[in-house]
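Student: Could we go through this model term by term, setting each value against the rule behind it?

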Number of protein chains: 4
Amino acid sequence: MSNRLRYGMVGGGPGAFIGDAHRKAINIDNTAHLVAGCFSRTLEKTKEQGALLGISSDRCYANYSEMAQKEASREDGIDFVVVVTPNNTHYEICKAFLEAGIHVACDKPLVTDSRQAEELKAIADEKGLLFMVTYTYVGHVTSKYIRDLISNGEIGTIRTVMAEYPQGWLYNENDDGGKQGAWRCDPSQSGKVNCLGDLGTHVENAVAAMTGLKVKRVLAKMDVVVPGRVLDDNDQILVEYENGATGINWTSQFAIGCDNSLRVRIYGSKGTILWFQERCEEVTLIREDGISQVIRRGNGAISQAAGKYSRLPAGHTEGWLESMANLYDSFAECVSAMKQGTFDSGLIDYPTIEEGIAGLKYVEACLESNEKGNVWVEV
Amino acid sequence: MSNRLRYGMVGGGPGAFIGDAHRKAINIDNTAHLVAGCFSRTLEKTKEQGALLGISSDRCYANYSEMAQKEASREDGIDFVVVVTPNNTHYEICKAFLEAGIHVACDKPLVTDSRQAEELKAIADEKGLLFMVTYTYVGHVTSKYIRDLISNGEIGTIRTVMAEYPQGWLYNENDDGGKQGAWRCDPSQSGKVNCLGDLGTHVENAVAAMTGLKVKRVLAKMDVVVPGRVLDDNDQILVEYENGATGINWTSQFAIGCDNSLRVRIYGSKGTILWFQERCEEVTLIREDGISQVIRRGNGAISQAAGKYSRLPAGHTEGWLESMANLYDSFAECVSAMKQGTFDSGLIDYPTIEEGIAGLKYVEACLESNEKGNVWVEV
Amino acid sequence: MSNRLRYGMVGGGPGAFIGDAHRKAINIDNTAHLVAGCFSRTLEKTKEQGALLGISSDRCYANYSEMAQKEASREDGIDFVVVVTPNNTHYEICKAFLEAGIHVACDKPLVTDSRQAEELKAIADEKGLLFMVTYTYVGHVTSKYIRDLISNGEIGTIRTVMAEYPQGWLYNENDDGGKQGAWRCDPSQSGKVNCLGDLGTHVENAVAAMTGLKVKRVLAKMDVVVPGRVLDDNDQILVEYENGATGINWTSQFAIGCDNSLRVRIYGSKGTILWFQERCEEVTLIREDGISQVIRRGNGAISQAAGKYSRLPAGHTEGWLESMANLYDSFAECVSAMKQGTFDSGLIDYPTIEEGIAGLKYVEACLESNEKGNVWVEV
Amino acid sequence: MSNRLRYGMVGGGPGAFIGDAHRKAINIDNTAHLVAGCFSRTLEKTKEQGALLGISSDRCYANYSEMAQKEASREDGIDFVVVVTPNNTHYEICKAFLEAGIHVACDKPLVTDSRQAEELKAIADEKGLLFMVTYTYVGHVTSKYIRDLISNGEIGTIRTVMAEYPQGWLYNENDDGGKQGAWRCDPSQSGKVNCLGDLGTHVENAVAAMTGLKVKRVLAKMDVVVPGRVLDDNDQILVEYENGATGINWTSQFAIGCDNSLRVRIYGSKGTILWFQERCEEVTLIREDGISQVIRRGNGAISQAAGKYSRLPAGHTEGWLESMANLYDSFAECVSAMKQGTFDSGLIDYPTIEEGIAGLKYVEACLESNEKGNVWVEV
């Protein structure tokens, strides 16, 4: 315990959903200990939040630069930083911590431009630092199980992938979704994309993580539908993968009745796999006999690599926080191994900066396709 | 009963699935009485089938032309003909009966070319004859209920429609699906399309019937995926409707685990409607409060126009045959009204030749889009 | 076709649900031809209904006795009669037809007293006549498949069976359910039981047919719950089977939201089977690995004996009428075999009078248990 | 944070599922800080576990008595203790902490005898101490929402309650379920009951908490089914409630395919509520129109009292740990209020020792009923 990891956070001030969620996820397994932060734009609010979180006042920082430098120079400085600020600030913050020699876990989408992302990767590589992008949904035991099924050839060659992530909370033209919605719909904070950046990158990443397929080209239709919006809120994208498989990725923010409905359906030459985030404790596998097998976390069939992340017996539902916690468990294991000099890249079982870059390139290709009138664009 | 309608059938010989299904559907409500037929290409087989069906030998015909002429000249001749032969023969057969003054019910897709279809329509219009195209799935009570909900404005303005009809029975490159599969996959019998003609026309029609939307343009990707096939077996189509709504239509024949999985999801400005053919006894309606309301046939909420087609109390499941029977119930009511001189077009509650033409134009636009490299084509 | 069976019907006048449903079910496969009837208590209404059904006036009878005698004496008389009158009239009507030498298909519950039932059985046996009791739900392909799975030992020794059949239509003390409800709730027409006779007999029969288990003893709690009712509307029954297995049978008429919710869950030493009438196209089978296998009609796994009753491909939903039709298909096959002298009892695949007797004995034991204060009573 | 609560734990040594789960649940919201423990029967193992959990060596105790006394005498002593040992040790442990003036949270079933439980209650009352019994499943947001719906009269007068909690993990006579199963099936550790104590008390509590109904009398059938077992593994219990409502409670440990399948179905005079623990993010509410409304955590309809426990937006699934965390959140709020002198019993939103006593009396009445041959026994 004395060698439990220490972490700091940038973002996650009072009322911020995602920062709080990351902290809760890390808490579950007591994976690391929060000891420093720059939670808000004002030092006052940061200290307020720090007090609530039990952080000593001298480790509540006025800005991220100061935090990176000071933490790097402490003997008991943070082992990694969690970056949960709006997207358009990720680049500078991550860069500061990398340059200070601190491992980084950053929320998705990584940055707003793939060149920035590649720059971050170059720094991390040069300095031998770990970089996780917290694509939550690949942390589910069932997501990992699907990855294992497919890499074992259980459904043969993949032929088409139907993936979607509709939400409904921004359907109302008279309601911008409060704090969460406001910045997503604001080009000055979100850049050129809204829905595709927020949801579409999860779709791209979930498909890639589960199937191992790489996107070759896209044909994107990005629409601004709800009156008064200026950024995309409905994206319908045709995809071709490098192995010749096809697919459709759909994301929406006005699909009334959809909460957080990431769904992936994978059709192979020997079987089908169905997964729905809101039923994240189960996978449906259909083999050539056409029988739908509903496999639940806890069934012996869940493979070893995936099942080790289970905390509770079958039927004692695990959910979103556990999925995020699984990412941090692997990340922390890697950070610890780094500290102890036992790190091996085979330990990595979380989404890295490469996945973050892939997401940005996907978004950029979609934007280009859409701007050119829905034509095919290579990724 | 003495004035019960009489009908004849072309196609539906021994072993033919769809002809038998039409007969069973008509039987349920005893809607009309089968009295004549040209069931097969040889008179011998037609007579064999006729005997099994209780048809007198002199009304078993060697070919459809003879049947049309002779039946038209009998006093007790058939009131309508049911055409359930392969698609590429529909045009000539339908034309023969229309020219003989006989109402026609024809299986979908109507013909192989929209000009032929318009020619048939011209004849029917000129002669004042009724023409039904048997798009089965719009006959469900729940399909009709959705149409009523939407036309009453219950979900506001439609924003996007996600529709799909995957099947899995042709997934295996070593199995062409037997008699049913063989002709569908054979260009000499199916023409230029397979999957899109068989399934895609149902999708187009179901969306049109439920929503009232008209397709403005399409961007189609039609793929030949299963090794050895020469016609499309997976179609992914972006759609724009005349009111500005968008949508995706997906059809496939290799989606293992999908039996007959026509699914329509309609997202409006005030609500969402979900419908799945394999759960055809229920509709999910979600209003702005986000609560999923599962409305079953038999609930009082099923509107008057739709509910009149119920035969059984709630929970006594009705299915595919009842859906087809509903089409024939309305068609027969119209034919009877014609005979009695009381016909009014407001009586029509079945898919007409105009829906048949719309389906063909949709297919033609998709083919053009695909051939041109997935570009937008106006319908 | 000329040798198609002829049948008559007693009951099923204008507005009667169940008579009409039997006719529609028989129509589907054109199993037999309705040629005679005594549909109502007045000859006038019988003739009215007969005219609608295309029956010649001289075969519309004033009473069932006359019908039995006259039909028995005709050369082209009916091959079997369908009895769909209220329960308390079944005994006399069935007896009249049996004594006239005519096979009988009678709705459930068979009669109101097991001694009457045994008397009918004795007559049928003596005269070599067939007698079907139309327990609809054992006609489903999936019901038959479950029977086959269990008799093949697929789930090992049965340990407990949880069966239930709640409905909700009589929940309202101010609404007696119209014509259908009124007679069921009236002791002068229903006898001593309402809910248990109407629904509980289906439960008992479904469990028996699927599992092969025989009830040894029951402990019944029969409650009259909705204010104003005088007969049971909620029955909760502990069951012990002869093999030592236990179970609970629950039926209710005030379970709001339940339409026709017959559900059987069978737990064995090697697996579990789940079946729900409102999802009658599928069976859930769980083996020792805990994976839920959802097997649909149309999957190859549906066994030969069960699958032969399929009319439509998988996903083309069959429902309640098809289930009833399956009973008549087997019954008609047996009647035909009788006529041709090829009958063998192995042909019987419908519920016989013995199942009808078992149902009555079950009801009688429950009544005794309830009257004695919920004690165990041997069946 | 400096005033964050401190807690200790008895039980929860290496490999113990439930102690770890309690710790994780408390961690999520950082509700309290673990500072002392007696985790195992040997001091060595306790210290080992303590080290892993970051507890200083001097607060790792050899036995619970010493722990109670020493912690009570420290100025920074624990605010409450969590007792997660086997049932038959709860009484003495809880007593020791209560007598030392420390609030108690104890796992269920509370003790093995209701008189012991009443003795504990008397001590707690006398000393003004709080006592929580951790019936996990009433902590779900949806459980609380159901309680609110019913107390607001949304489904009218409750008529019958069908409750069940089948599991399947002990189905195999050759597998005693490992460490977890072994003690449950062993009379020397579990007392007279196994399944009913482990699962049946959850059922009784869930129904009581949701409906407010009190059990008047029971008629219990407790069976030992799997060969080789000596304690009940299948319990089928008829219940009558004080308001005249009836119900059935079923629990099983051999129901293959059931993981943790606590299900409660509540039928009232104006509506029905359905709840299933494995789908704990949703409630089905059916009103008199028969439409099934699926209400999800996150829908506005979730009432204020229940909804305040939500951490994540709708669709970001919360599960078992969050449910347990909700109990501790309320308990900790009450403990804090006690410390600050602001406690009011209206703050209590967790299961108290009274619910624990009710559970034991229920078990005792069932045992008596079963021993007397399944007769009614007043609770």
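Tutor: Let us begin with contact: two residues are in contact if their C-beta atoms, placed from the backbone, lie within 7 Å. This is a predicted model, in which local features need pLDDT of at least 70 and side-chain atom pairs count only at pLDDT 80 or more, while totals for chains, interfaces and linings use all residues. Residues are numbered from 1 along each chain as its sequence is written, and chains are lettered from A and ligands numbered from 1 in the order in which they are written.

Student: How do you know through which surface chain C and chain A meet?

Tutor: Of the interface residues of chain C, 100% are also interface residues in chain A, so the copies meet through the same surface. Chain C can also be laid on chain A by a turn of 180 degrees and a shift of 0.0 Å along the axis, with an RMSD of 0.0 Å, the superposition being by least squares on the C-alpha atoms of residues with pLDDT of at least 70 in both copies. In chain C, the C-alpha nearest this axis belongs to Gln293(C), at 2.2 Å.

Student: What makes up the contact between chain A and chain D?

Tutor: The contact takes 29 residues from chain A and 29 residues from chain D. On the side of chain A that touches chain D, helix 1 (17–28), helix 2 (43–53) and helix 11 (320–340) each supply at least two residues, and helix 1 of chain A gives the most, with 4 residues. Here helices (H or I, at least four residues) and strands (E, at least two) are DSSP runs, numbered from the N terminus.

Student: Why are helix 6 and helix 9 of chain C called oblique?

Tutor: Their axes come within 7 Å and cross at roughly 45 degrees, where axes are lines fitted to C-alpha atoms, for helices over the stretch in contact, and angles run from 0 to 180 degrees between N-to-C directions. Angles under 35 degrees count as roughly parallel, over 145 as roughly antiparallel, 65 to 115 as roughly perpendicular and the rest as oblique; helix 6 of chain C and helix 9 of chain C are therefore oblique to each other.

Student: What makes helix 1 of chain B roughly antiparallel to helix 1 of chain C?

Tutor: The axes of these two helices come within 8 Å and cross at roughly 160 degrees, and that makes helix 1 of chain B roughly antiparallel to helix 1 of chain C. Lys24(B), Asn27(B) and Ile28(B) meet Lys24(C), Asn27(C) and Ile28(C) there.

Student: Why do strand 2 and strand 5 of chain A stand at the edges?

Tutor: The open sheet of chain A has 5 strands in the order 2-1-3-4-5, with parallel pairing. Strand 2 (32–38) and strand 5 (131–133) of chain A each have a single partner strand, so one side of each is left without a neighbour in the sheet. Two strands pair if DSSP finds at least two bridges between them, and strand 4 (residues 103–106) of chain A pairs with strand 5 of chain A in the parallel sense over 3 bridges. Ala105(A) stands opposite Met132(A) in strand 5 of chain A.
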